Amino acid sequence: MLDGFAADPDGLREAAMAAGFGPGANHYPGIRAPLPEAYLEAQLPVIAEAVRAMGVAGELRVIDASFSIVTTPPAELGVRQRLPHVDAFAENRIALVHYLSPEGGDGTAFYRHRSTGFETIDESRAPIFFDQLEAELRMRGMPPAAYIAGDTPLFEQIGHAEARYNRALLYPSWLLHSGAIAPDAALSSDPAAGRLTVTGFLVAE
């Protein structure tokens, strides 16, 4: 975790308030908008240093990065959005979450799949994990229409990164994780009031 990540977080919030948001892709439960061009130019050296400290070598390349706000009501969540997930299977892929809500919020939670014991999913584990998960969902039924919060019959929460204003979280994309969204979260689409973050995906080559 990197506190005090950006030099001008208030300026980033102002940029988000002026940005044009649209539906998020890849099962993201909310809306996204483009970042100011200067954001990655300023933050990439800081990210690269932190990634090297994580033991990941290579030159960083940004795959995708945007302002993001979780807005989907629990009743409208798809099954994948109710479960922990991974963003990629490769060890050189890194995820970024930069929290930009002054009140903080609930952050990001990390999980272990109980029946397999998996906390990370790579190419070799993916078929085992998804086959087992599909079988469990058939036997136990679909998860409730809610954001995952804490332990469940299928997953154990093993870590939690608290959201703080202008804190950045970097983690390997193959970790099982989920946004920690409180049951009573307002889920506003207004950048001034909603769960505003920068989300990014990078690869070390």
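Which residue in E2 is the bridge partner of Gly 22?

1. In E2, Arg 32 is the bridge partner of Gly 22. This is a predicted model, in which local features need pLDDT of at least 70, side-chain atom pairs count only at pLDDT 80 or more, and totals for chains, interfaces and linings use all residues. Residues are numbered from 1 along each chain as its sequence is written, and side-chain values use heavy atoms, with hydrogens and water left out.

2. Strands E1 (residues 22-23) and E2 (residues 30-33) pair in the antiparallel sense over two bridges. Strands here are DSSP runs (E, at least two residues; for helices, H or I, at least four), numbered from the N terminus, and two strands pair if DSSP finds at least two bridges between them. Six residues separate E1 from E2 in a hairpin, where Asn 26 in the turn has a positive phi of about 55°.

3. E2 also runs antiparallel to strand E3 (residues 60-70), joined to E3 by four bridges. Arg 32 has Ser 68 as its bridge partner in E3.

4. An open sheet of three strands has the order E6-E5-E8, with antiparallel pairing. Strands E6 (155-161) and E8 (177-179) stand at the edges with a single partner strand each, so one side of each lacks a neighbour in the sheet. Neighbouring strands of this sheet are turned by 30° against each other on average, direction ignored; axes are lines fitted to C-alpha atoms (for helices over the stretch in contact), with angles from 0 to 180 degrees between N-to-C directions. Contact means heavy atoms within 4.5 Å.

5. Three bridges pair strand E5 (residues 108-113) with E8 in the antiparallel sense. Ala 109 stands opposite Ser 178 in E8. Helix H3 (residues 126-140) lies across E5 and E6, running at about 90° to E5.
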